[in-house]
Amino acid sequence: MSIDWNAYPSEGFYDELVAGPGNGHRAIAGLLADLEALGPEELVARQEAADVSIKEMGITFTVYSEEGGAIDRTWPFDIIPRIIAQSEWERVDAGLRQRVQALNLFIDDLYHDQKVIKDGVFPAEVLAKSVNFRPQCVGVDPPLGIWAHICGSDLVRDSDGTLYVLEDNLRVPSGVSYMLENRLVTKRVLPELFEHYAPLPVDDYPSQLFDTLAALSPRPADYPAVVVLTPGIYNSAYFEHSYLAQQMGCELVEGRDLFVDKDDCVYMRTVDGLARVDVVYRRIDDLFLDPEAFLPDSALGVPGLMRAWKAGNVALANAPGAGVADDKVVYAFVPELIRYYLDADPIIPNVPTYRCMEPHALAYTLENMETMVVKPANESGGYGMLVGPASTKAEREHFAELIKKDPRNYIAQPALKLSTVPTIIGNRLEPRHVDLRPFILSADRQQVTMGGLTRVAMRKGSLVVNSSQGGGSKDTWIVPEPPQTSE
């Protein structure tokens, strides 16, 4: 049995591979023939081999059940790669650099002069109700003026092929380890595809991350001591914490492994005695970071860590307080922020967004909830939102009350027809909706991953790509030129 691309149901959506019945997009048209040459039975066998590899490699993530327990699951992965032409990616790369530069300037401004508010570009009432603004950070000057050193911005493509930024993740963005492992597994199970394609590499990310962190060291003349601070083995992203520490050659530590001495420097307890720490890549939320500064009963953090950071004796990445820009209402202002700080138009547009705090936007949202996606300002993982086209009348009425009670806490966006990529479902290829999370590093220079983590909504018709809600992932290839086709 062969794959019949003429029967592939791509109508109504932008498919990243199939441009029309039996036809692929110009830059990657050869992939249709390559997959057809393998055939569905062989593809299913390769998928099964990938599943076994992922289990053997111990690539996992943690899901928290309603009963309060944590369940370790193997990483869900589909072997059909998502391919993006480098000519398009160059524009995306520039747009992401622009966006993160503006967001870092915005964060720094909020903790200093707040000119953006005085000039009427950003409303004071939005900042006043921000749950991630940290008064403890006011007046602090982090190294190089950078607050968000690692950012993961989620991109989506609409039915006309336009790429939009869906949201920005500037607190402790996760997922990059799965991007790296996806490439390794794809090389293992589909080696022949790499004979026809030359996807740009992603395996240099750990060294790029280390260089980014090292550039923040308060002791630049010495080889910096960098540690990865994890909440521990029960955290949903613990696999990533340990993976990145191992790949960078850094120590993986918990709060109890560190302490701040009277000299306001951070030290790590080792078998050879105390060792000073220069940079902490923290994977712990602000409020648990330092019981002296935030939650006094936190057992995850390091007492005095904020004191050491403010004294300039240790660098923290991402900096505490960076999450003030990790707010979906702030997201709605990013185009204005780019124009304000950089005097330029956004290279990558936002999804059209209605700020419910504005009366006309509130009225429009309440009248059109059946066609809108409504999101609270600070939820993540696909939780707490209303997907209008898939909602019931009762759900819409409930959300309407929530919005009217606190309009500042909600934004609304038209329900996009997210692009699709062929995905192995059973013994056939079917379209499934995807998004993409590239990672942007910022310190003495900016770097953007060649692609990112493509997340897949594995359930038919679903737009929810988060792994905690049944989503999967794909390897993402940035190809430098139209690939050769198979003979």
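Me: How many bridges join strand β23 to β24, and do they run parallel or antiparallel?
Reply: This is a predicted model. In it, strand β23 (residues 453-457) is joined to β24 by 4 bridges, and the two run antiparallel.

Me: Which residue in β24 is the bridge partner of Thr454?
Reply: Lys474 in β24 is the bridge partner of Thr454.

Me: And strand β5, how many bridges join it to β24?
Reply: Strand β5 (residues 77-85) has 6 bridges to β24, and this pair runs parallel. Phe77 is bridged to Ser473 there.

Me: How many residues of β24 are buried?
Reply: In strand β24 (residues 471-479), 9 of the 9 residues are buried, so the strand is largely enclosed by the rest of the structure.

Me: Switching to helices. At what angle do α2 and α11 pack?
Reply: Helix α2 (residues 86-110) packs on helix α11 (residues 334-342) at about 80°, and their axes are 9 Å apart. That angle makes α2 roughly perpendicular to α11, since the range for that label is 65 to 115 degrees.

Me: Which residues meet there?
Reply: From α2 the contact uses Gln98, Arg99, Gln101, Ala102, Leu103, Leu105, Phe106 and Asp109. From α11 it uses Val334, Leu337, Ile338, Tyr340, Tyr341 and Leu342.

Me: What is the contact like by class?
Reply: The contact of α2 with α11 has 10 nonpolar, 2 polar and 2 charged residues.

Me: Now Gly301. Where is its place?
Reply: Gly301 is in the loop between β13 (279-282) and α9 (305-310).

Me: Is Gly301 buried or exposed?
Reply: Gly301 has a relative accessible area of 6%, so Gly301 is buried, the cut-off being under 20%.

Me: What is Gly301 in contact with, leaving aside neighbours within four places in sequence?
Reply: Gly255, Phe288, Leu289 and Pro291.

Me: Zooming out, how many helices and strands does the protein have?
Reply: The protein has 13 helices and 24 strands. Its radius of gyration is 23 Å, close to the 23 Å from the globule rule for 487 residues, so the protein is as compact as a globular protein of that length.

Me: What does the C-alpha trace span?
Reply: About 70 × 60 × 50 Å along the principal axes.

Me: What share of the residues is buried?
Reply: Buried residues are 55% of the 487. As for contacts with a separation of 6 or more, 68% are between residues 24 or more positions apart.

Notes. Residues are numbered from 1 along each chain as its sequence is written. This is a predicted model: local features need pLDDT of at least 70, side-chain atom pairs count only at pLDDT 80 or more; totals for chains, interfaces and linings use all residues. Side-chain values use heavy atoms; hydrogens and water are left out. Axes are lines fitted to C-alpha atoms, for helices over the stretch in contact, and angles run from 0 to 180 degrees between N-to-C directions. Angles under 35 degrees count as roughly parallel, over 145 as roughly antiparallel, 65 to 115 as roughly perpendicular and the rest as oblique. Contact means heavy atoms within 4.5 Å. Ala, Val, Leu, Ile, Met, Phe, Trp, Tyr, Cys and Pro count as nonpolar, Asp, Glu, Lys and Arg as charged, and the others, Gly among them, as polar. Buried means under 20% relative accessible area, exposed over 50%, partly exposed in between (1.4 Å probe, protein chains only). Two strands pair if DSSP finds at least two bridges between them. The radius of gyration is taken over C-alpha atoms; the globule rule is 2.2 Å times the number of residues to the power 0.38.
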